[in-house]
Each structure stands twice: as C-alpha cells, then as structure tokens.
Amino acid sequence: MGNGAALILIAFLALATFLLVRSGEIKAWHVALVGVLAIYLDRIGWTDPIVYAVTWIVQGLTHTTTT
C-alpha cells in the first residue's frame, strides 16, 4: 500500500475512532487497550498477514497495483 493510501486509511480510522469515543459508543480506555494490543502484535510480527490482507483489499477496491 502506498504512503498516500496509508495516510488516507489512517485519517479515516482516526476520525471514526474520535467520533465513536465522542458519541459514547466506545470508551477511551477501549481505544487505549486496542492500541496497546496492536503495538504488541506488531512487535511480535503478527501484523504482517493483516497488512497484506488490507493491502490486497484496498488494491482490489481501487484497482491499483504496487510497483
């Protein structure tokens, strides 16, 4: 996934998280807990399959290829 697509995805997820916390649907400590889990999974190397899957889905939706 290119840097531009990654930044757009990050911005979308950050906005969705902000709106969910603001509306009270999820609590801030839920977000913090999931963030800690994500950092832990990244450190042990389990995020690679997730990154590949998201890249495949985004490329499928946008019909772009990585060179």
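Let me start with Ile44, which counts as partly exposed because its relative accessibility is 38%, a value that falls between the 20% below which a residue is called buried and the 50% above which it is called exposed. Please keep in mind throughout that this is a predicted model. Ile44 is found in the loop between α2, residues 28-43, and α3, residues 48-62, and together with Leu37, Tyr40 and Trp46 it makes a nonpolar surface patch of about 470 Å².

Helix α2 has 16 residues, and from its first C-alpha to its last it reaches 23 Å, which is close to the 22 Å expected at 1.5 Å a residue. How many of its 16 residues are buried? The count is 0, and in that sense α2 is hardly covered. After α2 comes Gly45, which has a positive phi, near 85°.

Now let me step back to the protein as a whole. There are 3 helices and 0 strands, so that, by the definition of helices and strands used here, the order of elements from the N terminus on reads α-α-α. Of the 67 residues in the protein, buried residues make up 3%. The accessible surface comes to about 5800 Å², and 73% of that surface belongs to carbon and sulfur atoms.

Against that background, Thr55 deserves a moment of attention. Thr55 sits in helix α3, and it counts as buried because its relative accessible area is 13%, where the cut-off for that label is under 20%. What does the side chain of Thr55 have within reach of a polar atom? The backbone oxygen of Val51 lies 2.8 Å from a polar atom of that side chain.

Is Ser23 buried or partly exposed? At 48% relative accessibility, Ser23 counts as partly exposed, since the label exposed requires a value over 50%. The side chain of Ser23 reaches the backbone oxygen of Leu20 at 3.1 Å, and it also reaches the backbone nitrogen of Glu25, in that case at 3.4 Å.

Note on methods: Residues numbered from 1 in each chain as written. Predicted model: local features only at pLDDT ≥ 70, side-chain atom pairs only at ≥ 80, totals over all residues. Heavy atoms only, no water. Patch = residues over 30% accessible without salt bridge, like charges linked within 9 Å, V, L, I, M, F, W, Y side chains within 5 Å. Areas by Shrake-Rupley, 256 points an atom, 1.4 Å probe, with all protein chains shown as cover. Salt bridge = Lys/Arg side-chain N within 4 Å of Asp/Glu carboxyl O. Helix = DSSP H or I, 4+ residues; strand = E, 2+ residues; numbered from the N terminus. Buried < 20%, exposed > 50% of the residue type's maximum accessible area, 1.4 Å probe, protein only. Expected span 1.5 Å × (residues − 1). Polar contact = N/O pair within 3.5 Å; in protein donor to acceptor, adjacent residues only side chain to side chain.
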